[in-house]
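Subject: Structure handover

Hello,

Here is the structure you asked about. Please open it alongside the notes below.

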Amino acid sequence: MSAIDTVVVPIHRAGWPFIAAFAVVSLILGLAVWTPLGWAGLVLTLWCVYFFRDPDRVTPTRPGLLVSPADGRVTMIVQAVPPPELGMGDAALTRISVFLNVFNVHVNRVPTDGTIVAAEYHKGKFLNAALDKASDENERMSFRQRLPDGREIAYVQIAGLVARRILWWVKAGQEVKAGERFGLIRFGSRTDIYLPDGVAPLVCVGQSAIGGETILADLSGTEPQRYGDVR
């Protein structure tokens, strides 16, 4: 990677309309209203550019690894039933929740190779995505994926207080690869991933995750669940 690649990060195409709108409003405010407002608008425009960045990631390719679908902080590891619209039954599975603040990369990535079995949108509320009940009550887009060994996982894009639009680019029947971009949530939000029965998480609550890179679990591993002390 060259030095310039560490500074100049690609911007996702979904962000350009917002960046352009921020820039035009900033110009109008600065020229026609009050110069300090223009400078404030410039700061917001630069933040918008930063928000929609879409950096390349190096995804581990060993079979059986599940990588994080999003950047952010692991806020919960609990037993929970997958979204009912996915038809995965009533048995509770281990759910890892990753909370994205407005400074995280918001492009979402596929956790592992497999086939999308179901992709279901659920209209809902816009509660604080850090709350446990946001998994059930907030607007969400849920994916059920079958893995090469026949097991299944689920992962969910959840809107938050600020997020008002979930974008996705995969559909039922589609073959996907680990680390592949599958969607984006505009502004603060959360992603959940449900592990197959008996698979232990390899991250701790409070740990930072990098989408497409951080290993959340090993489907073929025997290591017990990890615990940590966030200070």
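This is a predicted model: local features need pLDDT of at least 70, side-chain atom pairs count only at pLDDT 80 or more; totals for chains, interfaces and linings use all residues.

Contact between them involves 8 residues of domain 1 and 11 residues of domain 2.

Helices H1 and H2

Helix H1 (residues 16-33) and helix H2 (residues 35-51) have axes that come within 7 Å and cross at roughly 170 degrees. Angles over 145 degrees count as roughly antiparallel, so H1 is roughly antiparallel to H2. By class, the contact of H1 with H2 has 11 nonpolar, 6 polar and no charged residues.

Nonpolar cores

The largest nonpolar core has 25 residues, and Ile96, Tyr155 and Leu195 touch the most other members. Strands that each supply at least two residues of this core include S2 (72-80), S3 (93-100), S6 (140-146) and S10 (181-185). Strand S7 gives the most to this core, with 3 residues.

Leaving aside residues up to four places away in sequence, Ile96 touches Val74, Met76, Ile77, Leu195, Pro201, Val203 and Leu216, among others. Its contacts also include Thr191 and Asp192. Another core, of 11 residues, lies apart from the largest one; among its members are Ile19, Cys48, Phe51 and Leu167.

Regards

Conventions. Residues are numbered from 1 along each chain as its sequence is written. Side-chain values use heavy atoms; hydrogens and water are left out. Axes are lines fitted to C-alpha atoms, for helices over the stretch in contact, and angles run from 0 to 180 degrees between N-to-C directions. Helices (H or I, at least four residues) and strands (E, at least two) are DSSP runs, numbered from the N terminus. Angles under 35 degrees count as roughly parallel, over 145 as roughly antiparallel, 65 to 115 as roughly perpendicular and the rest as oblique. Ala, Val, Leu, Ile, Met, Phe, Trp, Tyr, Cys and Pro count as nonpolar, Asp, Glu, Lys and Arg as charged, and the others, Gly among them, as polar. A nonpolar core is a set of buried Ala, Val, Leu, Ile, Met, Phe, Trp, Tyr and Cys residues joined through side-chain atoms within 4.5 Å. Buried means under 20% relative accessible area, exposed over 50%, partly exposed in between (1.4 Å probe, protein chains only). Contact means heavy atoms within 4.5 Å.
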